[in-house]
Amino acid sequence: MAKLKPWYQVVTPREDLRDNRPLDASEFAVHLDHIRTGRGTVSKDYTDPARFFERTFMTGSLQELASQVLRRLNGIQVETSAVFNMATQFGGGKTHALTTLFHLANHAEAAKDWKGVGSLLTKGQVSTVPKADVAVFVGTEFDAITGRKGEGEPTRMTPWGEIAWQLGGEPLFAKVAKHDAQGVAPAGDVIREMLPVGPTLILMDELMNYIARARKLGLRDQFYTFFQNLGEEARARNNLVVCVSLPQSIQSEMTPEDESDFVSLKKSCDRIGKPILMSADKEMSEIIRRRLFEWDTLSNDAKATVSAYAEWAADHAQELAGVDRDAIHEQFKACYPFHPSVISVFERKWQSLPRFQRTRGILRLLALWVAHNYQDEHRRNTNEPLITLGLAPLDNPMFRSALFEQLGSSELEIPVTTDVAGRVNESHSLKLDREASEAIKKSQLHRKVATTIFFESNGGQSQSRAEASLPEIKTDVCGPDINTADVDTVLEGLAGTCFYLQWERNRYRFGLAPNLNQVLVSRRGGVQGKAIEERICEQTEKVFRKNGTDACKFIEREFFPKRSNDVKEVPRITLVAMGIEHPAEDRTTLELMNSIVRDAGTSGRTFKSALLFAAADPAENVRDRAREVLAWEDVDDDEETKKRIDEAQFKLLARNLANARRDLDEAIFRAYKHLYLLGKDNKLRHIDLGNITSSAAGCLVEVYLQRLGSNGGLDEVVDSVPARKLPNYWPASMTEWSTKGVRNAFYSSPLLPRLINPDMIKRAIADGVSQGIIGYATKDASGRLKLEKLKEGLFDGDVEISDDVYILKGDEALKLKEPPRLAQLVVRPEHEVVKIGDQVSYTCSGLDQYGQSIGVGDVTWSATGGTITSPGLFTAGDHGGAFIVKALAGDAEALAELRVTSKDEPEPLPPPTGQQMLRWRGSVPTQKWMNFYTKVLSKLANTPGLKLEVSFEVPLDREQAPAKAAETRSGLKELGLEEGATLS
């Protein structure tokens, strides 16, 4: 869609509005007598007839009235009337209609060239505008005590005297001079004599004002009589018209006497004349356009805007209020450059206000509205295609004053300036706009929504409707360039911030009473930092302890560790929630987590792979949310405060407290999106889960398991281990692997995935045994392996996790399944040196295929260099040399070496006595440190005199080196070791 042009580039306001000189209220209030006398204070918009007609829209009722008056003045009595009673509410256009008739009657044929007059002649089926004698009687201008006179003029004391003077000067006034002096209403012949014979027009306005004053002088009844007699005379002639304006109904400011007189006068008017309701509901927008803009017709740019907004409204009708898809295009077309809601809000709600001036009031407000928004500084800040309710200049004191005048009170001044459009640093809506997302900030959506709520909720309607519904707000504010979802966000911000905005069930209103937000502000400042930290810890623990699935129940939880021994050492996944004071990616946080992975108090940590750390994002302001909860709870605990609030606010308090608690939980949920766990390189691995919310899973732990599992693509945690994979995980140095060691490996080695449920290793072992992938064995008292199961059914519950229960690979298990048989002979001594003729006693023992002792049965001995008996006694021969002793039993044989020396050879040196030293020096990869301890050092640990020396060197970043050295020395000191770690 092409970019829509701003309204001020499509239509041009009147000159006075462009110059920011909108007419004041008195100028919009047309004063017929001032127009007649040509007072210099009256705008040319009213005294210049051509200009007046140029800016006057001929509504249906105005056309009806004017065309019938022209017919009567032309002498036509059919389809017309002699007396017209124009009924409308205050400011509803009745005086404007009288002014139209005044100019027509006074300018006769010259009026044909004015805009709209041709249509009046056509409608009235006449060809001329007759020149008529015109009299104007305005009740507010005529004083009942002093009467009226000009220089060189007689004093007129009564309405009939004034009318006669205006119609014919001295000659006609003379006809009723006595009646005027005595205050007696003329009748019959006297009235006929005081009236011209030609076309005559008598215009009467503000009669109730005159009657109220005349009542005290006893002239009220005489006026009724005169009016009745004048009407009868008008009905008897074919060129006399009397037009009188009356309120449409009894006004709230009328006294009981006024009300009685109003009823009497209206009955009289209805009896002798024709009532015309000067209503312009459907034509109000056209009246406004003619009065405020240099208006001709809709341009192509205007039509493009109308179409775009109408199509958008039709597409979103379900979200909006009162949108008729068939009529919406015409509504936007009729109201351009205003949004239809600008016009309709006055008709829907404001017209019921006692002081609201229907046409005059709207014109005055919109004139100020347009003039303000047309100024350069405002045009630079907005490019709105339509003038919407949200653009009302509530920050303009002149506009605000005119607005409150229509409301009948300025009591809302403080709510408006505080919440809607006060100074930038004081208005809540403007503050929220500055802090909002770019789209909301650019469109100033908080201010627009708040302004719209003000207009929709302060229209004088019944209290049950003194509100702005969510559909109404979206209808008034949104359009092709504004997302309706943003309005929900904005309303949430306003409801939680504004002091005078009341809301319940998506209905909003600005009122005079401060809401709970104002109470909250003072309470929020009194919340202590210690209480905030304690509440965060309490609530964080609740969030982390929640289990959304059965899998979550297997996860251990540890909270807010300060040192390594604060985290237990257990063979299962352990989730460690770091405190809010240890945020993610902070240096001290990483150092603490590394120390926990390395140690469990004074001992090295075995199950380091089991640890899963969760750290809070520092950008998520959990503290503010906790402060909010504590403040609301403080309000809720204050019984005196609760006594002062109404039922709606009481419900709101409960809702706000619940929302604040939920928001704190949500903030904690979003904050703990950073996970750390041991990577395959034996270093902490950081995983940022991105934006997470409570709607993603039943609990935070469930989110972690989902992301770390196969569904998240990481495979760091698993629900189970396939039996076929067990051989892949087998330690290279082991033949048999204890079941406890198997389980522990999934929590100690980062090369293996972490089992969510430790008992699932039983399932893997049982499946492996059933499939013949592994064997299940135990050891007897002598330490001999005994195969229990291989390729046999085994239940999970029957698998024992123990240091004394083992699994073996399938081929090794098969060996245990064969009965013991002699597989190896062992002859002792293996090496011997003797002299000629000496004897040596040999023994022979057997080992089975499992390396266990077994009987050998009969042994056949043979030897070289001497003789050997069946029991194994060897006698050396008579010559020296190297010889062999052989033992044979079944298919097994064993050999021993023998050296025979002569008598002349020196005695061999005795074998050295004492101890021998076992030494080794080499490098051990970090991932094999634990295996090195288990397989090598642990088997020597009980040997007296074992001496272990450790030498290490590690390259460090120069900036981190001093801190690492200090940490290392501290650790050595805790272990009671020398602290001589040095940097070079």
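Predicted model: local features only at pLDDT ≥ 70, side-chain atom pairs only at ≥ 80, totals over all residues.
Residues are numbered from 1 along each chain as its sequence is written, and side-chain values use heavy atoms, with hydrogens and water left out.

**Helix α26 against helix α27**

- Helix α26 covers residues 470-477 and α27 covers 484-495; they pack at about 120 degrees with axes 10 Å apart. Axes here are lines fitted to C-alpha atoms, for helices over the stretch in contact, and angles run from 0 to 180 degrees between N-to-C directions.
- Helices (H or I, at least four residues) and strands (E, at least two) are DSSP runs, numbered from the N terminus.
- The α26/α27 crossing is right-handed, meaning that the near helix is turned clockwise from the far one by less than a right angle, with anticlockwise being left-handed.
- On the α26 side, Leu 470, Ile 473 and Lys 474 make the contact, and they meet Thr 484, Val 487, Asp 488 and Leu 491 of α27. Contact means heavy atoms within 4.5 Å.

- Helix α14 takes in the 17 residues 256-272, which should span 24 Å at 1.5 Å a residue, and its end C-alpha atoms are 25 Å apart, in agreement. The expected span is 1.5 Å times one less than the number of residues.
- Asp 258, Asp 261, Phe 262, Leu 265, Ser 268, Cys 269 and Ile 272 are the buried residues of α14. They sit on the same side of the helix, because they cover an arc of only 130 degrees around the axis, taking the directions from the helix axis to the C-beta atoms.
- Pro 256, Lys 267 and Arg 271 are exposed on the other side of α14. Buried means under 20% relative accessible area, exposed over 50%, and partly exposed in between (1.4 Å probe, protein chains only).
- The axes of α12 and α14 come within 10 Å and cross at roughly 125 degrees, which makes α12 oblique to α14.
- Like the pair above, α12 and α14 have a right-handed crossing. Leu 207, Met 208, Ile 211 and Ala 212 of α12 make the contact with Asp 258, Asp 261, Phe 262 and Leu 265 of α14.

**The loop holding His 339**

- His 339 is in the loop between α17 (328-335) and α18 (340-348), and at a relative accessible area of 3% it is buried.
- Leaving aside neighbours within four places in sequence, the contacts of His 339 are Phe 332, Leu 386, Ile 387, Thr 388, Thr 475, Asp 476 and Cys 478.
- Pro 337 also has its place in the loop between α17 and α18, and the peptide bond from Tyr 336 to Pro 337 is cis, with omega near 10 degrees.

- Most residues other than glycine have a negative phi, and most peptide bonds are trans.
- A cis peptide bond runs from Arg 828 to Pro 829, with omega near -5 degrees; Pro 829 is in the loop between β22 (822-828) and β23 (831-835).
- Glu 79 is not a glycine, yet its phi is positive at about 55 degrees. Glu 79 is in the loop between α6 (60-73) and β1 (83-88) and counts as exposed at 60% relative accessibility.
- Glu 206 has a positive phi near 55 degrees. Glu 206 lies in the loop between β3 (200-205) and α12 (207-214) and is partly exposed, at 31%.

Key:
Parallel < 35°, antiparallel > 145°, perpendicular 65-115°, else oblique.
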